[in-house]
Amino acid sequence: MTDQLISLNNLTKKYMNKEALNGIDLVLNRPGLVGLVGPNGSGKSTVLKMIAGLLRPSGGTVHVLNQKPDRRISRKVAYLSEVDSLYGYQRVEEAVTFFDTVFTDFSPKKAKEMLHELEIHLNDKIKNLSKGNRARVKLALTLARDVPILLLDEPLSGLDPLVREESLNLIIRYTDIERQLTFLSTHEVAEVEPFLDHIVFIKNGRVLLSENVESLRELKGKSVVEMMREVLS
Ligand code: ADP
Ligand code: MG
């Protein structure tokens, strides 16, 4: 069997009577940085949660690393949710230790290196950190895992421009584009586009386009931002 990283086949998801995903077909078989781009409510978080094994499909199939994901897929897939998931009562160092206990692939050394660069002190209480710093800690902990797939749900959203740039920088420097597939969702493509290898546009729970960014630029002679305006409008 060929190595499948992520494969979604006619995937649908209904919440009560709300159709969030309307038949998603998507195959991602190469490592690199992949953008999941679409407006609010288009289904980005739902797609990532399905890949993370946190939600069950209403129809269709999800395969991640050749298996149907359930919660145990978290051993191989790092998932950064859009909600604040750290424990406020912990110190940063305890959060690092916590991740180390939960995930065998976690590198405390790498996490501490990132935190040091970000000038976040291990002694600080999570609840006393600014929103930006909490987001950075969460991101550093996720990026310190050595896994084939990372799912980052809007890692830049709600942060001020400097923190966004720094966070993006961290993602680029601490993921291995040769070995890891980093699937990152955003509703603002402009700042990530220069770094994306592949882009997936989603709207109303449907994939409108899934394309290698370089061939997009070459074939269509358009920037991804221009493409997005066309595809999503
Ligand atoms: P995005 O992340 O792109 O903003 P979501 O995947 O969060 O989109 O949501 C897709 C659609 O499903 C939206 O219309 C949203 O309101 C709806 N939705 C998401 N989660 C739930 C839920 N738990 N219950 C009901 N509807 C939901
Ligand atoms: Mg979302």
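Reply: Arg 145 sits in the loop that links helix H4 (131–143) to strand S6 (149–153); helices (H or I, at least four residues) and strands (E, at least two) are DSSP runs numbered from the N terminus. This is a predicted model, in which local features need pLDDT of at least 70 and side-chain atom pairs count only at pLDDT 80 or more, while totals for chains, interfaces and linings use all residues. Residues are numbered from 1 along each chain as its sequence is written, chains are lettered from A and ligands numbered from 1 in the order in which they are written, and side-chain values use heavy atoms, with hydrogens and water left out.

Arg 145 has a relative accessible area of 3% and therefore counts as buried (buried is under 20% relative accessible area, exposed over 50%, partly exposed in between, with a 1.4 Å probe and protein chains only). A polar atom of the Arg 145 side chain lies 3.4 Å from the backbone oxygen of Arg 75. That is a polar contact, a pair of N or O atoms within 3.5 Å; within protein, one must be able to donate a hydrogen and the other to accept it, and residues adjacent in sequence count only if both atoms are side-chain atoms. Neighbours within four places in sequence aside, Arg 145 is in contact with Ser 74, Arg 75, Lys 76, Val 77, Ala 78, Phe 103, Asp 105, Phe 106 and Gln 180 (contact means heavy atoms within 4.5 Å).

Next, the helices. In H2 (residues 92–102), Val 92, Ala 95, Val 96 and Phe 99 are buried. These residues cover an arc of only 100° around the axis, so they lie on the same side of H2; the arc is that of the directions from the helix axis to the C-beta atoms. The buried residues of H2 pack against H3 and H4.

H3 (residues 108–117) also meets H5 (residues 161–174): their axes come within 12 Å and cross at roughly 150°. On the H3 side the contact is made by Lys 110, Glu 113, Met 114 and Glu 117, and on the H5 side by Leu 170, Arg 173 and Tyr 174. Axes here are lines fitted to C-alpha atoms, for helices over the stretch in contact, and angles run from 0 to 180 degrees between N-to-C directions.

Helix H6 (residues 213–220) has Val 213, Ser 215 and Leu 216 as its buried residues. They span an arc of only 160° around the axis, which puts them on the same side of H6. The face turned away from that side carries the exposed Glu 214 and Glu 218. Cover for the buried residues includes strand S8 (198–203), strand S9 (206–212) and helix H7 (224–232). At the N-terminal end, Asn 212 caps H6, with a side-chain oxygen 3.0 Å from the backbone nitrogen of Glu 214. Just after H6, Gly 221 takes a positive phi of about 60°.

H7 buries Val 224, Val 225, Met 227, Met 228 and Leu 232. Seen down the axis, they fall within an arc of 155°, so they line one face of the helix. They are covered by elements including strand S3 (32–37), S8, S9 and H6.

Lastly, Thr 186 is in strand S7 (residues 181–186). Its relative accessibility is 8%, so Thr 186 counts as buried. A polar atom of its side chain lies 2.9 Å from the backbone nitrogen of Glu 188. Not counting residues up to four places away in sequence, Thr 186 touches Leu 36, Val 37, Gly 38, Lys 44, Glu 154 and Val 192.
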